[in-house]
Structure formats: structure tokens, C-alpha cells
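Please open the two-chain model in your viewer and keep a selection panel at hand. The stops below say what to select next and what is to be found there.

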Amino acid sequence: MFGKLMKKYTICALLAVLTLTACDKVSPAGILIANTDVDDRIKMSRDYYRLHEGELFLMKKAENGEYTFLVGADSHLTNDPGRMREMLQIGIDDDDLFYAHLGDIADTKAEYYIVLDNVILEAKEKYGKKHFKPVTYMDDYDTPHTIYMDTVSQKLYEVKDIPLPFHPVVGNHDITNNGWALWTNMFHSSFYMGYVYVENDGFDYFDRLIFLDSASGTLGEEQIDEIESHFFEADFPYMDKIKIRHTFVFGHTNIFRPSASEFASTFTREETYYLLDKFDHWNTSIVFSGHVHDWDERKVGDITYLTLDTMCEKNRPEPGDYLVRVHVKRDGSLSWKRVRMNYTP
Amino acid sequence: MKPNNKIRRLTQRLLAVATLVCCLAARGVAQTYNGMHKYDGTHPNVLTSYMMVGDNIITNRYFGIAASYTRHLTDRWHVGGDMQVQMGKQLYSVDVQGGYRLPVKWMDFYLDGKVLYNRYQRWGTNEIMINLALTWETPYFFFRIGETYIHYNMLGFGYTEPLTLTIGTGVNIRPRWDSWNIGLFIRNYDDFYYEAYNINWGANFWANLKKDVQLFGEVNLRPAGSLSQLATEYEKSLKLGLRYVW
């Protein structure tokens, strides 16, 4: 009797495991031990950063002393790239200085990353057509070929190399089922920083952008060590003459839970308090996160914490205000608003 | 030597000592502990004390001591209090708790409440947790479910988290009343914290040294990101302590 019962439960458990492991979004074994390590990701990102510091430093110049940027989260792209395409189109059309994505950009499957790669390539071409001068030449086979020239720097770009200002962080669903290889192949680094340079009335200001790898629900030992070694307080040669005005932090895992019915892991107790204290130390203006697929807005002292709803067409098929745009004005003040997405599958 | 190696060596030594003591104690000393809060009928007072060592990615190595007292008011009702000091982490905790036991055949059901205060000195954070939980306990198995209210103050603001589900389960290889035992557990809480869906797990043991003294210990792995399906090393710890009844 007992043996029969055990056999029945074992078959049920095996079926459940097989069903769950077949799903692109679920990795049941990861509840106890993950198949990817945040420390490994940080080591790889740090090595990449050292080799490509110029690219990753992300210095951007704000024209006329003001700028806007766009933020989206949790697109969970599969075969339908509608919302991802819409986000990039909105950013290009409205001249946002950059577009940040808060992770879970695609569910972990190679074919979804091919779809994502095509959408980004498409956006690069649109961005090139808008901001650069197309130069057409005939290649060795007498086929017309277009490249794009940045008329300020005189740099020439193939479409795939156009510097689309799209900056994602990594989310947990990007890397379950060993998805880090796919993610890093496209975006390289999960832990990086940048500055927006603002020249205003004869003064130089810098707004700092911090991109954290919080996909594992913890920053991990390596990332904490880097933070404590002042990675995000890097010196300029003339650091004493410039002023960090705003700091914006982008990460995947949320600090605040919008409601009791969300069962996604947030940070552990000590790490929550460590991060709240660190954001305060950095004089952060806005902390952006996603992960729970629900909107939450909170003000803690001078810091605004925005948890963005998912923009995924499967989870939110109706049009809605899934994106956020931040406007940093000439006088240094900032405002933000939610931006509507209209794509429906 | 790297700190992690030191912790590993210390853990191995403590485990070896604990196993040895456990084996020596397995000679059938009378019981001092037979359930989560079950009154043995003759010793209404329970004093528990343990030391802990651990390593946490935020605070690095830490060492702590904890003590608790439980008074069985009747065969069914109990009250008590606990406290801990964790050096390194700079965490100081105190709680009061109480509960009711309902025996049903060979099982026990417990309704327990706890009010816990934590002071995270490093970040100037005061944390209050109130937990209410129902436990189903059998000789080899327990299952616990409840809800936790969590409120904290730091940097001049206060925040109350949405109610947090408390859930845990465990098994042991021998009946709960045996003179020694080894078990496995998985849960999202510990003696002095309740987590929002980060699941810690490990193994524990107990062994009666004398009629009124029991040795117990626990190895606990506390990952982050469990329900993100990316459980990642966050903290590991070891507890070793004594329980005395009179």
C-alpha cells in the first residue's frame, strides 16, 4: 500500500518537474541552487569593462543643457517583439538621450534572442537614418551598400555598429536555463556605469548612471566588493572641478513589494538595508527596478523608487502606461511621467 | 588563508565534534525534548543557549550568541522570550512569544505568535516583525505556515511591507522523542528573521547528554533569489547549543 502510494507520488513529482523544466521561464532546481553565479557574471563584466572602458563609460552630452531618457522593464520577449519594437521606436521618435531596460528582456531561448537581435538591428538602422548621414557606395559586386556617418565625429558605421543608446541590465529570466551566454553575447556587461555631461551657463555638471546586476536577488560578493572599492565613484582627471548632480540607478530586483500577492524573491533583510543606505550615500535621485510585474512608486527622503510594470505583450495585452520618461531640465530639476504603449498582440 | 576556508575548516571541526558527541549520547538517555514546544510533564522551564558562526556576503564573517527561555504554563500553553547578539553583523534581537498546543491522536498542532525586534546597528535600522503561524507536527515530520507583519525604520522613514507568507517544513530520521536525531529542513524564516521568499535550508541534530541537558546544532544555507529560480550563496551559518530543563 505504502509502496504504491510512494510510486504514485514519485510519478507525479517527476511529471511536475518535467513540465516545469520544459517551460522557458521556469528552472525549478534554481529554487535551491542556481545554475549561474552572479560573481562569475561580475568577473566577466569587469574584464570586459577593462578592455572596453571607452565604450562602457557611456559619456553622453546633453544638448541645450537638458535631456530626457526612457525606461522599460520585463518585456519577456518570445516570438512577438511588438512591445520591444514600440519602446525603441518611442525613444527614437521622441529623441530620448538613452533608453534603459530593467531586465527580463527575453525568455531564455536562442530563437527569442534572434528575434531580439533583429529588433535591435532594425532600431539601429532607424536611429542611424535619424541622427547620421547615410552614405551609399557600390561594393565589389556592384551592389549598393549604405553606411552611416556621424557628421560631428566623422565616424562611419555599419548598421550593426550604430551606437543605439540602449542600455539593459540583466534579469533573472534572462539567465535561468543558462541564458547568460545568450545575454552577454549581445550586451556584454551586466555591471557598468556612465555619465551624462551637461554644460550649462558656463558650469559643467555630470549626471551619473549606475547599472547593477541584481538578477540573482543579491549583488553577490564580487559586486559588493567593487561597490565598496568605489567602482561607481570613479575619478575623472579633473574630478575636483566637476559636480555630480543627479544619480540614477537601474536594476532588476525590486526593493519594495507592491502587494502581498507577489511571490517573487526580493533582497534579503541585510541587503535591503545595505542598498537603501548605499543609494542614500550616492545621493541618488531615482532608483528604477522591475521584476514583480506591478507598478509601485515610493519616496524615501529625497530618493524616488519606481518599480515598473511589465511591458510584456503576453502579460499585459491591453495598451497601458508601461514605460517611464525622465526629463532633466536646464535648471537641474527633474520630473518623470509614465509613457503609454499601444501595441496589442 | 581566505576567510571562506577558515569558516569551512571551523565548520568541519564543529561538525566532527557534534557527530562524536551525538554518537556518545546515543546510549538512550531519557528525553528532554519531544516536540516543538511540547511539555514533558515534569520540567516546566526550558533554557536554551547557542553560539553561531557564519559568513554573509554583506557583513562577511560573524559570530553570535543567543539565549531563550520557555515556560510551560500548562500542558497546552507556553510563553517565552529569546535574544541574540551577532558581532560582525552588528545585529541585536529580542522577542517574546507564546503559543497553544492541540494534540490530535499521535500528532500535535501549534498556534504560535511572536513579536520580534531587530536592531541592525550598521545601517541604523530598527525592525519589528510580528508572526502568527500554525504548525502541524508528527513524529517524523512538521509543516508550518503563517503570516508575518514586517515594519522597519531607517534614514528617517518607516516602511511596512505587505504581509509576508511564512512557510517551512522538515523531516527527521528517528521519532521526535528519541534520545538523538538528525533532520533536514527548508523554510523562509529562522529564529530571528522572516524573509520575503528567500528560502533557507539545511540539516540539524539533537542528542540528549543527560536527563535534563540536550545538545543541538544546525547547519544553515541561506541563499538569495530562491523564487527568482537563481538561489545564490548569500549566507552560511552553523549553530551549536545546549538546552536545559528543570
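Begin by selecting A:His230, which follows helix H8 of chain A and has a positive phi, near 65°. Helices and strands here are DSSP runs numbered from the N terminus, helices (H or I) having at least four residues and strands (E) at least two. This is a predicted model, in which local features need pLDDT of at least 70 and side-chain atom pairs count only at pLDDT 80 or more, while totals for chains, interfaces and linings use all residues. For your selections, residues are numbered from 1 along each chain as its sequence is written, and chains are lettered from A and ligands numbered from 1 in the order in which they are written.

Now extend the selection back to H8(A) itself. Its buried residues are A:Gly220, A:Glu221, A:Glu222, A:Gln223 and A:Ile224; a residue is buried if 20 or more other C-beta atoms lie within 10 Å of its own, exposed if 12 or fewer, and partly exposed in between, with C-beta atoms placed from the backbone. What covers these buried residues includes helix H2 (38–51) of chain A together with strand E15 (232–245) of chain B.

The axes of H2(A) and H8(A) come within 6 Å and cross at roughly 45°, where axes are lines fitted to C-alpha atoms, for helices over the stretch in contact, and angles run from 0 to 180 degrees between N-to-C directions. The two helices are therefore oblique to each other, given that angles under 35 degrees count as roughly parallel, over 145 as roughly antiparallel, 65 to 115 as roughly perpendicular and the rest as oblique. To display the contact, select A:Val38, A:Asp39, A:Ile42, A:Lys43 and A:Arg46 in H2(A), which meet A:Gly220, A:Glu221, A:Glu222, A:Gln223 and A:Glu226 in H8(A); two residues are in contact if their C-beta atoms, placed from the backbone, lie within 7 Å. Coloured by class, the residues of this contact divide into two nonpolar, two polar and six charged, with Ala, Val, Leu, Ile, Met, Phe, Trp, Tyr, Cys and Pro counted as nonpolar, Asp, Glu, Lys and Arg as charged, and the others, Gly among them, as polar.

Next, show both chains and select the interface, where 38 residues of chain A are in contact with 31 residues of chain B. On the side of chain A that touches chain B, helix H8 (220–228) and helix H9 (269–281) each supply at least two residues, and H9(A) gives the largest share, eight residues. That side of chain A is made up of 16 nonpolar, 14 polar and eight charged residues. The model scores ipTM 0.87 and pTM 0.87.

Turn to chain B, whose secondary structure comes to one helix and 15 strands, and of whose 246 residues 40% count as buried. Colour chain B by pLDDT, the predictor's confidence in each residue, from 0 to 100: the average is 87, and 85% of the residues score at least 70. Confidence in chain B is lowest in helix H1 (residues 3–25), at a mean of 54, and highest in strand E6 (residues 125–137), at 97. Over residues 21–31 of chain B the pLDDT is below 50, although this stretch has 26 contacts in the model beyond near neighbours in sequence. Where pLDDT is low, the predicted coordinates should not be read in detail.

Still in chain B, select B:Gln90, in the loop between strand E3 (77–87) and strand E4 (91–104). B:Gln90 has a positive phi of about 55° although it is not a glycine, and it is partly exposed, with 14 other C-beta atoms within 10 Å.

Return to chain A for the open sheet of three strands in the order E4-E5-E6, with antiparallel pairing; two strands pair if DSSP finds at least two bridges between them. Strand E4 (133–138) and E6 are the edge strands, each pairing on one side only. Three bridges join E5(A) to E6(A), and A:Asp150 stands opposite A:Lys155 in E6(A). In the loop between strand E5 (144–150) and strand E6 (155–157) of chain A, select A:Gln154, where phi is again positive, near 65°, in a residue other than glycine. A:Gln154 is exposed, with 7 other C-beta atoms within 10 Å.
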